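Biologist: I would like to learn how to read a model like this one. Could we take a few features in turn?

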Amino acid sequence: MYRPGRGPSTSRFLNPYVVLFVVIAVVLVLAVTIGLLIHFLAFDKKSYFYSSSFEIPNVKYNDKLNSPATQEYRNLTGRIESAITTTFKESDLRNQFIRAHVVKLRQEGSAVMADTVMKFKFSRNNNAASMKSRIEAVLRQILNKFGNLETSPSTVVSALDDQEAVNMFNKECGAHPNLISLSEERVMGGTKAEEGDWPWQVSLQLNGVHHCGGVLISNTWILTAAHCFRSYSDPRRWTATFGISTAFPVVRKAIRTILIHNNYKAISHENDIAAVKLVDGVTFTKNIHRVCLPEATQNISPGCTAYVTGWGSRTFDSNPVPVLEQGRVYIISNNVCNAPNSYDGAVLSSMLCAGVPGGGVDACRGDSGGPLVQQDTRRLWFLVGIVSWGIQCGLPDKPGVYTRVTSYRDWIAEHTGV
């Protein structure tokens, strides 16, 4: 019997590998599509800065509003910033508004004018003129947010590019890069600093080699420790450098004058402060500018956080480090610091102690003259201490001892005009 040959047949089921490939391809396409949508809708945004000035006619300008160190300055600027923030958070720009910061209070007749920078994040395809108009419209609603403060109803907003925003902040003392960018505060980890983290930090170099730290308080004046110049006080042998590296500084400046406190006593470390004047002023940038000085009456509470920075050695018997380091410490009361198991009465009222329980974080050799700084409620940094002395480095019950800057506010003003 003839048996017909079997023709080709088609399986009822697809090859499982083909199915798997198709599923994976579809998932990848969907993932890429969703990712692009999320990126363009949520992440493809650019930061924009705007400036505006607010006249406060019912506050009379006075000298207390001339310095960010005063409580009057902090209170007024805080209220203005809070009013701006509240207004935008209650508006249709709540998701675009980031922060506002008053960079200066100035006199306008007898009233106060507050120069303010605001940061927003908008999609790149937004119309700049339209955004400016929306911001101005919101600011016109701010009048009832100032409480008992009055403010001018004519609010003019100007767009700033990134450099113009930086330039405005550079005029203000104590501005950290986080403040300049109006970003959320970065938590500092580890010991090494990044470029610009401490823009007032100075390396004082003797014959081209790092010898002491210093802190910039104006474009021409630096504060440091008197004991740095016990052996070498000829300014021609010294230079000041800026940047986190002592070997490859960003800026190097010659020194014109070294002023050592007339009553400096090496044995007791009393009046361990000096002022150094540059031959020509340094140009302020985001990474190089001045710290704020406190008022003479500013309270420095025990237990509060402070930061000490410098190129000092990591251990008492080692060499200074080439890249700037930072250490978080806590203010210690003079009573505790003068305990018999600590410094046994050697810490004077013009000195300040700072360290950590059990030791381990401290200034060390090569840090002398460098800054101990604290941040205020408006995220500005203030100089509270100058690295002076201690017993070795980081020992338990032997914290670092600093020149208390508030005790020398009159001396600083008299000799530097700051």
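**A strand pair**

Modeller: Strand 2 (residues 97–108) and strand 3 (residues 111–123) run antiparallel and are joined by 10 bridges. Strands pair if DSSP finds at least two bridges between them; helices (H or I, at least four residues) and strands (E, at least two) are DSSP runs, numbered from the N terminus. This is a predicted model, in which local features need pLDDT of at least 70 and side-chain atom pairs count only at pLDDT 80 or more, while totals for chains, interfaces and linings use all residues. Residues are numbered from 1 along each chain as its sequence is written, and side-chain values use heavy atoms, with hydrogens and water left out.

Biologist: Which residue of strand 3 is the bridge partner of Val 102?

Modeller: Thr 116 is the bridge partner of Val 102.

Biologist: Which residues other than glycine have a positive phi?

Modeller: Asn 207 is one of them, with phi near 55°; this residue sits in the loop between strand 5 and strand 6. Asp 397 has a positive phi of about 65° and belongs to the loop between strand 15 and strand 16 (400–404). Asp 397 is partly exposed, with a relative accessible area of 43%. Buried means under 20% relative accessible area, exposed over 50%, and partly exposed in between (1.4 Å probe, protein chains only).

Biologist: Is Arg 74 buried or exposed?

Modeller: Arg 74 is buried, at a relative accessible area of 12%. Its place is in helix 2 (residues 71–89). Arg 74 and Arg 378 are 304 residues apart in sequence, yet 7.3 Å apart in space, C-alpha to C-alpha.

Biologist: How many residues does the largest nonpolar core have?

Modeller: A nonpolar core is a set of buried Ala, Val, Leu, Ile, Met, Phe, Trp, Tyr and Cys residues joined through side-chain atoms within 4.5 Å. The largest one here has 43 residues, and Leu 223, Phe 242, Leu 383 and Ile 412 have the most contacts inside it. Elements that each supply at least two residues of this core include strand 9 (251–260), strand 10 (274–278) and helix 7 (409–416). Strand 10 gives the largest share, four residues.

Biologist: Where does this core lie?

Modeller: The core lies between domain 2 (201–278) and domain 3 (304–406), because both give residues to it. The domain bounds come from an automatic or database domain assignment.

Biologist: How do I read the empty space?

Modeller: Rolling a probe the size of a water molecule over the atoms shows where empty space is left. On a 1 Å grid over the protein atoms alone, a cavity is a set of points where a 1.4 Å probe fits but cannot get out, and a pocket is an open set with protein on both sides within 12 Å along at least five of seven lines; lining residues have an atom within 4 Å of a point. Grid points are joined across faces, edges and corners, and a volume is the space filled by probe spheres set on the points.

Biologist: What is the volume of the largest pocket?

Modeller: The largest pocket has a volume of about 640 Å³. Of its 29 lining residues, Asn 66, Ser 67, Pro 68, Cys 173 and Arg 290 are the closest to its centre.
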